[in-house]
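Colleague: I have not seen this one before. Could you take me through it?
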Protein chains: 2
Amino acid sequence: MREFRRDPIVGRWVIISSERAHRPFAFSKTEREEDPPNTCPFCWGNEKFTPPEIVAIREPHSSKDTPGWSIRVIPNKYPALKVEGELIKSADGIYDKITGIGAHEVIIETPQHNFDLYQMSKTNVENILKIYRDRILDLKKDIRFEYILIFKNCGKQAGATLTHPHSQLIALPMIPIIIKQELIGSENYFYYKERCIYCDIINEELNKNLRVISENEDFIAICPYASRFPFEIWILPKRHDPMYEDIQDKEISNLASIIQLINKKLNLALEKPPYNYILHTSPLKQYNLSHYHWHIEIMPQLSGVGGFEWGSGFYINPIPPEEATKFLIET
Amino acid sequence: MREFRRDPIVGRWVIISSERAHRPFAFSKTEREEDPPNTCPFCWGNEKFTPPEIVAIREPHSSKDTPGWSIRVIPNKYPALKVEGELIKSADGIYDKITGIGAHEVIIETPQHNFDLYQMSKTNVENILKIYRDRILDLKKDIRFEYILIFKNCGKQAGATLTHPHSQLIALPMIPIIIKQELIGSENYFYYKERCIYCDIINEELNKNLRVISENEDFIAICPYASRFPFEIWILPKRHDPMYEDIQDKEISNLASIIQLINKKLNLALEKPPYNYILHTSPLKQYNLSHYHWHIEIMPQLSGVGGFEWGSGFYINPIPPEEATKFLIET
């Protein structure tokens, strides 16, 4: 197979070229590196090495910033942005700048130093997902913020500096450009069809059943039609909702199930690959958009993706998503 | 320093957060790995391991596909696209696809297995740049193509699969999304100001002199105001021209000089970093645009850039471009 496919939301063309997978060097597996637990600031007993916790799920009677927690949210020790200060927008010659105001938090997902999501209890994964919701609802009160980006880097090659499972949250005074492109693309589609493009994708995928890895009552996991990377996976809620923070407890249970299943399959099929996941949700000040639909994008970081791709916006994917889907279903 | 800066062309916001450079792990240098020359298909004597050459600069009386060349252009052995076949655009359910028609060529830049650009003769670098021009002019005759992407990956971490110096060319039946964004952004600016934004950037940088690494009669090399990566560098022609293939021989000489200088500085300052460069030029069927301006973007691939960045479109850069410029000037 050798064809161009267009991402229907942002209009990005991708080359699906499965012949390239036959290159001798095309698919060397990249196993995650691990750092040792004894010096890990995210392990029990090392709480003093992090800034004071913002919130935590703890055993009764355990004290703040001591062991006894199952999930712990802290400010990033090396924050890209700071909450304190005034939001000032100004010109800088012909350019534009804004003071570096924002929040940068770390969600330590478990006391276990090297568990991945599928190895945790389901309750723990549900609690992580509830904490995402609660942190959004809390930070949303700060009207300086326009967007909250939640993501997870797992493995050094995916940008993680520590092995211990954690995700990150960045609250921003602007909307990231990829989200802007999704908003524009999905709004154009809505203008044309009066339907949400993500809802259409869910229906199309369920009808064709070529790229559905798994589904349950509330969620579907697919390899998207114009996958940029081998084994790229999107998890979409079946109920149309633009805002993650609207998620209901029953949905959280079903989201935890599908995340754990996908995470297990990825770890088995690709032998503990480095990966990223990113929550795509509505801007904080745009409510109940008919054209936008929150979702999670998961990208395993296998070898062979260079800076060329992000410099040009052009992606060559040697594994058709239909093959990736088949492989993951059979794993 | 901790601030947001906006790329004036595409509107992408970047966090410049120099405090993060103090993280103990922020700036581990990544030296390029090298593979041995004896098995290299791009070395003299191994011509039989590549597809037949398209064009080459050769010693008189040397034969095609034998040693004696200084630069050799070949089809990619594992092409992402093929020239043969019909360009068919069709629906695929709710999605859109195009047959994988295109050209995918490799420009072997020198017979020397592990030279970087600054180590080659100036004439050789000029010849590489002339070959870029000539290949564009040749492939432009094929009306199926809309865009030609020329880029160089150097080092495995930058996506190169072979050490031997080479660049690549991909001719495409569509415009890559980042070029589209540049075209839209620069057109909006032109609509507002009646000036080319790239010309304005050149003037601003020459006036302020905070981010100019080097300039000569025809070219300027800067660290851009909203650099996504540490030591990101743009080389821009001072003469407004949207199309690289318009370049004159005198300009080629000055472009070779500034490329060799920048390449030497990068290799010395960052100890042979993996890097990419990408030629940004006009779409093939859009002539003499007043708002677009060809240029080269160079991105060293230092550690710490994860998939998060390209998944979200959001970049955190720990080295302000003013500091990177100063460091490169002093190197």
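Colleague: What rotation superposes chain B on chain A?
Modeller: This is a predicted model. In it, a rotation of 180° puts chain B onto chain A, with 0.0 Å of shift along the axis and an RMSD of 0.0 Å. That is how a two-fold axis relates two copies. In chain B, the C-alpha nearest that axis belongs to Trp310(B), at 3.0 Å.

Colleague: What confidence does the predictor give the complex and chain A?
Modeller: For the complex, the ipTM is 0.91 and the pTM is 0.94. Chain A has a mean pLDDT of 92, and 95% of its residues reach 70 or more.

Colleague: Which strands pair between chain A and chain B?
Modeller: Strand E1 (residues 2–6) of chain A runs antiparallel to strand E6 (residues 95–99) of chain B, and 3 bridges join them. In that pairing, Glu3(A) is opposite Thr99(B) of E6(B).

Colleague: What order do the strands take in the sheet of 5 strands?
Modeller: The order is E5(A)-E6(A)-E1(B)-E2(B)-E15(B), in an open sheet with mixed pairing. Strand E5 (89–92) of chain A and strand E15 (315–317) of chain B are at the edges with a single partner strand each, so one side of each has no neighbour in the sheet. From one strand to the next, the twist averages 30°.

Colleague: How is E5(A) held to E6(A) there?
Modeller: By 4 bridges, with E5(A) and strand E6 (residues 95–99) of chain A running antiparallel. Ala91(A) has Asp96(A) of E6(A) opposite.

Colleague: Now the sheet of 10 strands in chain A. What is its order?
Modeller: The sheet is open and its pairing is antiparallel, in the order E3-E4-E7-E9-E8-E13-E14-E12-E11-E10 (chain A). Its edges are strand E3 (55–58) and E10 of chain A; each has a single partner strand, so one side of each is left without a neighbour in the sheet. The average twist from one strand to the next is 15°.

Colleague: Pick a pair from it. How many bridges link E8 and E13 of chain A?
Modeller: There are 5 bridges between strand E8 (residues 147–154) of chain A and strand E13 (residues 275–280) of chain A, which pair in the antiparallel sense. Ile150(A) has Leu279(A) as its bridge partner in E13(A).

Colleague: What about the E10 end? What joins E10(A) to E11(A)?
Modeller: A hairpin does, through 3 residues. Strand E10 (residues 212–215) of chain A and strand E11 (residues 219–222) of chain A run antiparallel with 3 bridges between them. Glu215(A) is paired with Ile220(A) in E11(A).

Colleague: Which strands does helix H3 of chain A lie across?
Modeller: Helix H3 (residues 197–208) of chain A lies across E10, E11, strand E12 (233–237) and strand E14 (295–300) of chain A. With E11(A), helix H3 makes an angle of about 75°.

Colleague: Last topic, helix packing. At what angle do H1 and H4 of chain A cross?
Modeller: Helix H1 (residues 122–139) of chain A and helix H4 (residues 249–269) of chain A cross at roughly 115°, and their axes come within 9 Å. The crossing of H1(A) with H4(A) is right-handed.

Colleague: Which residues meet in that crossing?
Modeller: From H1(A) there are Lys122(A), Val125(A), Glu126(A), Leu129(A) and Lys130(A). In H4(A) they meet residues including Ile252(A), Leu255(A), Ala256(A) and Ile259(A). The residues of this contact are 6 nonpolar, 3 polar and 3 charged.

Colleague: And in chain B, how do H1 and H4 pack?
Modeller: Helix H1 (residues 122–139) of chain B packs on helix H4 (residues 249–269) of chain B at about 115°, with the axes 9 Å apart. H1(B) also passes H4(B) in a right-handed crossing.

Notes:
Residues numbered from 1 in each chain as written. Chains lettered and ligands numbered in written order. Predicted model: local features only at pLDDT ≥ 70, side-chain atom pairs only at ≥ 80, totals over all residues. Least-squares fit on C-alpha atoms with pLDDT ≥ 70 in both. Pairing = 2+ DSSP bridges. Helix = DSSP H or I, 4+ residues; strand = E, 2+ residues; numbered from the N terminus. Axes fitted to C-alpha atoms, helices over the stretch in contact; angles between N-to-C directions. Left-handed = near helix turned anticlockwise from the far one by under 90°. pLDDT = per-residue confidence, 0-100. Contact = placed C-beta atoms within 7 Å. Nonpolar A, V, L, I, M, F, W, Y, C, P; charged D, E, K, R; others polar.
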